[in-house]
Amino acid sequence: MNKRPFLALFVAPATLAAIASAAALAAILQYAFRAYVPGSLNPGGLTLDNFFALLRPLYAQVFIQTVWICLLTALITLVVAYPLAYALVRTRNVTLKSFLLITAVTPLFLGEVVRTYSWIIVLGNTGFINSVLKGLGLIDRPIQMMFTTFGVVTALVHVTLPVMVIMLSAALSHIDRDYEKAATSLGAGPVKAFLTVTLPLSMPGVVAGVSTAFAWTFSAFATPQMIGGGKVSMISTLVYQLGFASFNFPFAAALSVTGLALTFAVLAMAKQAIKPLEKIGAH
Amino acid sequence: MSAERIDPREPVSPAVSAPAADAAARVAGVQIDGVTKRFGDATALHEAWLKIADGEFMTLLGPSGCGKTTLLNLIAGFLEADGGEIFVGGRLMTETAPYDREIGVVFQNYALFPHMNVAKNVGYGLRMRGVGKREIDTRVAEALALVKLDGFGERKPRQLSGGQQQRVALARALVIRPKVLLLDEPFSALDKNLRGAMQVELKEIQRRLGVTTIFVTHDQSEALSMSDRIAVMSQGRIRQVGTPDEIYRRPLDPFVASFVGDVNVLPGRLERRIGETATVLIAEGRLSVSADTLEGIAPGAAVDLFVRPDAVRIAEGEGLVSGTVATHVYQGSHVDVLVDVAAARGGRVTVRVPGHGASTRWPVGTRVSLDFSPADAVAFASDVS
C-alpha cells in the first residue's frame with residue numbers, strides 16, 4: 001500500500017513548474033544555435049556563429065566587466081554582512097537582535113526595483129549624498145555616481161546583503177561557543193580567538209555566501225539597468241538590449257546560455273573549495 | 001576532623017585573621033569569597049565561600065541547575081560575578097581578563113578545534129603565549145606522552161575516539177601549566193568502562209603534576225572516588241564541604257545525605273539532648289546519635305534517622321526495626337535485600353549484604369530484625385510532621 005497517498009498531488013504543481021521552466025530553457029538553448037535573420041523574429045538554420053560572435057572584444061569586455069562587478073559586489077557584501085551576521089547570532093539583547101534582523105533582512109521583501117529606485121534618490125546628482133556634501137560646502141559640483149560602476153556596485157551590495165547575512169548567520173550559529181571559550185582560556189584575546197577559531201570555522205559559510213552572492217548579482221537586471229543606465233553594461237542588460245531592442249533572439253540566447261554556464265562553473269568551483277572546509281565543521 | 005559547614009550566616013570569612021596571614025593564605029590554591037551570580041531575577045549562586053588548597057582535587061557535586069557550572073564559569077572568567085572575589089594563586093581573578101587567567105579548562109564536549117590537528121590543538125595555548133617553535137614542539141610532545149597519545153599529533157580530532165579526544169583536551173589544558181585545572185563533566189560522554197579507566201588515569205596525572213583541580217560532576221560515585229574534598233551544592237548554595245568519607249558518613253543535611261549514596265530513612269522523635277548526644281526514639285527502640293545535626297531542635301520534635309544500606313545488618317536477635325524480606329537484588333559483589341518495614345519512610349529498608357548467600361539465608365517472606373550502630377546513623381529534623 002502507498003504510504004503517501006497525496007504525494008503525487010502535492011508534487012504535481014512543482015513538477016508542472018519544473019517542466020515549464022525546463023521547456024523554456026530548452027527553447028533558449030536551441031535558439032542559441034540558430035542563425036539570426038535580420039528583420040525577422042524567426043531564426044534561421046543551425047549555426048555556431050552566435051558563440052563565435054561572443055569572442056569579439058565588445059562582448060568579451062562585457063563578460064569581464066560582469067565578472068568583475070559580481071566579484072566586487074560579493075566581496076564588499078561579505079565585508080558588510082559578516083559583522084551584521086556575527087552581531088545577529090551573538091547578541092543576547094532581544095531589541096538589538098530584532099533591529100539587526102529587520103535592517104538586514106527586510107530589504108529582501110521590498111523587491112529589486114523599489115530598492116534600486118531608493119538608490120537613485122541617494123546617488124543622483126541632486127540626490128541625498130550630493131546635496132549633503134554641497135550643503136556642507138565640501139564640493140562645488142556634484143560627484144557623478146549614477147551611471148557608474150561605483151553606483152551599480154553600491155546598489156547591488158544592498159540588494160545582495162540580506163542573502164549574505166542569512167547564509168553567514170546560519171554558518172555562525174552552528175559554531176559551538178565553547179570553541180571561543182576554549183581559545184580564551186588558552187590565552188587568546190577576543191581578536192586572536194576570532195581570527196584563529198571563529199573565522200576559519202565560518203569559512204564554509206563564507207564560501208557559500210560569496211558564491212551565492214556572485215550568482216545572485218550575475219542575474220541581477222533591474223539594478224544595473226536603472227543605475228547603470230546603459231553606461232555600465234552587464235550580461236543581463238546586454239541580453240535585454242539584444243533581445244528586445246535589436247530583436248536578435250539567437251544572439252541573446254547564446255549570451256544567456258554562456259552566462260548560465262559561467263555561473264554554474266563558478267558555483268562548481270565554490271563547491272570544490274568548500275569540500276575540505278566542510279569536514280572542518282563536522283564534529 | 002570535622003566537616004566545615006558553609007553558611008552565609010556564619011561566614012568563614014578571613015575577617016578574623018590578620019592581614020598578613022590572610023595574604024599568605026592567598027598565595028596558592030583557589031579562594032572563593034562570597035561570590036554571587038544572578039541571571040535576571042534568578043540567583044544562580046548565593047554567596048559561595050570556598051577555599052581550595054594548592055594541589056587539591058576539589059569536586060563540585062550537585063544536581064543540574066545547582067550552580068556548580070556557574071561557579072566553574074565564574075572561575076574561568078566566562079561569566080562575571082555580581083559580588084564577591086575569586087583568587088587564584090593569590091591573584092584577584094575578578095579583575096583579570098579571562099584570557100589572562102592561566103586556567104586550563106576541559107569542556108564537557110572537549111571543544112577541540114576541528115580545523116587543527118592534535119598537535120596544533122595542544123600547542124594553541126603556547127602559540128598564544130608567543131612561546132618559541134622549538135619549545136612548543138617539545139612541550140606538545142611531552143603533553144601528548146603524558147596522556148599516552150604519542151604519535152597522534154598529525155591526526156584531526158574527528159579521527160579520534162571519544163576517549164582519545166578527552167585526552168587531547170586534557171593535554172591542551174595542561175600544556176600551558178595552568179594554576180588551576182577546571183573540568184566540566186568531562187566523562188559524561190564516555191561509556192561506563194572507558195569512564196572508569198579515564199577516572200583513574202586523570203587522578204594519576206593530577207597527582208603526578210600536583211595541579212590544583214576543580215572538577216564539576218553530578219555523578220556522586222565519580223565524586224566519591226576521585227576527590228580529595230567535595231563541595232555538595234544545591235539550589236545555588238554550597239551545602240557541605242568535606243572529604244568523601246565525611247560527605248558519605250557524616251552528611252550535614254538531608255539533601256547531602258540523600259544525594260550522595262543510597263539511604264534508608266526511619267522517622268522518629270527526639271527524646272532528649274545532652275551535650276553532644278541526642279537520644280532518638282524510633283519504632284521499636286531508642287538510640288543515641290550525634291547531636292551535631294540537631295542544633296535548635298526541641299525535645300519531642302519529629303526527626304528522621306538516615307542510615308546507609310551498608311550500615312544496616314540483619315540481626316540474630318532483637319533489632320531496632322523489624323520487617324519481612326520482600327526481594328533480593330543481586331549485584332555481584334553484594335546483594336541488596338529489600339525489607340518491608342512499616343515504620344520506615346517509603347515502607348522499605350535496603351540492607352546491603354556482602355557476598356552472595358543472602359537469598360538462601362533469608363528467603364523472601366522471612367521475618368527479620370534489623371540493627372545498626374548508632375555511630376552510622378545521622379538524625380535531622382523532619383520536614384514531614
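Biologist: Which residues make the nonpolar surface patch of about 660 Å²?

Modeller: The patch is made by A:Leu29, A:Phe33, A:Leu46, A:Leu48, A:Phe52 and A:Leu55. Patch residues have over 30% relative accessible area and no salt bridge, and nonpolar side chains (Val, Leu, Ile, Met, Phe, Trp, Tyr) are joined within 5 Å. Areas come from the Shrake-Rupley method with a 1.4 Å probe, and for residues only the protein chains shown count as cover.

Biologist: What kind of model is this, and how are residues numbered?

Modeller: This is a predicted model, in which local features need pLDDT of at least 70 and side-chain atom pairs count only at pLDDT 80 or more. Residues are numbered from 1 along each chain as its sequence is written, and side-chain values use heavy atoms, without hydrogens and water.

Biologist: Is B:Glu201 buried or exposed?

Modeller: B:Glu201 is buried, because its relative accessible area is 11% and buried means under 20%. Leaving aside neighbours within four places in sequence, B:Glu201 is in contact (heavy atoms within 4.5 Å) with B:Val147, B:Lys148 and B:Arg167.

Biologist: Turning to the domains of chain B, which residues does each hold?

Modeller: The assignment, automatic or from a database, gives domain 1 (14–102 + 178–255) and domain 2 (262–381). Their C-alpha centres lie 33 Å apart.

Biologist: How many salt bridges are counted between domain 1 and domain 2 of chain B?

Modeller: The count is 1 salt bridge, meaning a side-chain nitrogen of Lys or Arg within 4 Å of a carboxyl oxygen of Asp or Glu.

Technical notes. Chains lettered and ligands numbered in written order. Patch = residues over 30% accessible without salt bridge, like charges linked within 9 Å, V, L, I, M, F, W, Y side chains within 5 Å. Buried < 20%, exposed > 50% of the residue type's maximum accessible area, 1.4 Å probe, protein only.
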